[in-house]
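Please look over the sequence and the model below, and then follow the text through a pair of helices and a set of aromatic rings.

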Amino acid sequence: MINNGDVFITKLERGFFGAFRILKVGGHFGFSKDEFFLIAITSYLDIKKPKIDDQRLKETLIENRFSLNNKPNIQIYPGNKIEKQFEYLGNLPLTKEEENLEIKIGGKYPVVVHLPKDFGNDAFREWRWINEKEIYINETEANKMKSIKSLYSKEFEPFGSDEGFDTLNIITNEFKKDSNLNFSMMPKYIIETLWDMKYISVEDLSEEEVLKQLKEDEMNTIQSDRVTYATAFAQLKLTGKVDSTVKEKAMLAIKRLSMTAKVLKWDSNTKIMEKMIHDLSLAKINDE
């Protein structure tokens, strides 16, 4: 059983060890059966495993790489796999300030639906930012370009991306609780309430406007499109129909993502996009 203050060891890249600390247990949300924990990645990073009296285990990792600006690495995660995947170190009692922290949707800390495979590795990434900044930036950009070239495969299928897969799971769980679920509100709810990020609707499909939007907020624009059309296909999968407003928003999102591929000059295959639009155009309308 995991308790507040428990510390676990993580194995990172290059033989480094890190650690994370449980700040709060007992979080429960309607979209999942898992118990959620408020977790802080600590500033510990060393080639040897930590000891429980190491002061760094009480310090939360502060991130500054790329667009991060003194951001404490504290988020809400499902905790069902923690005891199996990570080595338990010991317990460090919470401070009075930590005892007052809350696990809630729309609160100070974002909710992450799945525990990342490389959980804890942010400590190593931050170390590289400090010690190997130029090399790290070049590698990150190279990997970004490599991934962009392959995005037009499973990533662009309705549930192929991480965002699309998570959207399907969330909506499926919400639909089980409420068969009259308002699907049209789900994209914004998922992104802004559950993930504590920004939802960007499609207002203008001109190339100039799409380019402007991408320059201002590329990540949230792409994420918004993926979640929006994943919502439409989730409704179609669950009910065999799709609301007219959900369909309209999804078609616009697919078109904007297609323009994004053009603007950013991705090495892409438009057949997946064309198929999604075709499938939606043939879908039965729920409110007719």
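**Helix packing and ring pairs**

Helix 8 passes helix 9 in a left-handed crossing, a term used if the near helix is turned anticlockwise from the far one by less than a right angle. This is a predicted model in which local features need pLDDT of at least 70 and side-chain atom pairs count only at pLDDT 80 or more, while totals for chains, interfaces and linings use all residues. Residues are numbered from 1 along each chain as its sequence is written, and side-chain values use heavy atoms, with hydrogens and water left out.

The axes of helix 8 (residues 244-263) and helix 9 (residues 271-282) come within 10 Å and cross at roughly 165°; axes are lines fitted to C-alpha atoms over the stretch in contact, with angles from 0 to 180 degrees between N-to-C directions, and helices are DSSP runs (H or I, at least four residues) numbered from the N terminus. Helix 8 is therefore roughly antiparallel to helix 9, the word for angles over 145 degrees.

Turning to the aromatic rings, the structure holds 15 aromatic pairs, a pair being rings of Phe, Tyr or Trp (its six-membered ring) with centres within 6.5 Å. The rings of Phe 20 and Phe 86 have centres 5.1 Å apart and planes at 85°, so the pair is edge-to-face, as planes over 60 degrees apart are called. Phe 20 is buried, with a relative accessible area of 0%, and Phe 86 is buried at 14%, buried meaning under 20% (1.4 Å probe, protein chains only).

How values were computed
Rings of Phe, Tyr and Trp (its six-membered ring) pair if their centres lie within 6.5 Å; planes under 30 degrees apart count as stacked, over 60 as edge-to-face and the rest as tilted. Buried means under 20% relative accessible area, exposed over 50%, partly exposed in between (1.4 Å probe, protein chains only). Helices (H or I, at least four residues) and strands (E, at least two) are DSSP runs, numbered from the N terminus. Angles under 35 degrees count as roughly parallel, over 145 as roughly antiparallel, 65 to 115 as roughly perpendicular and the rest as oblique.
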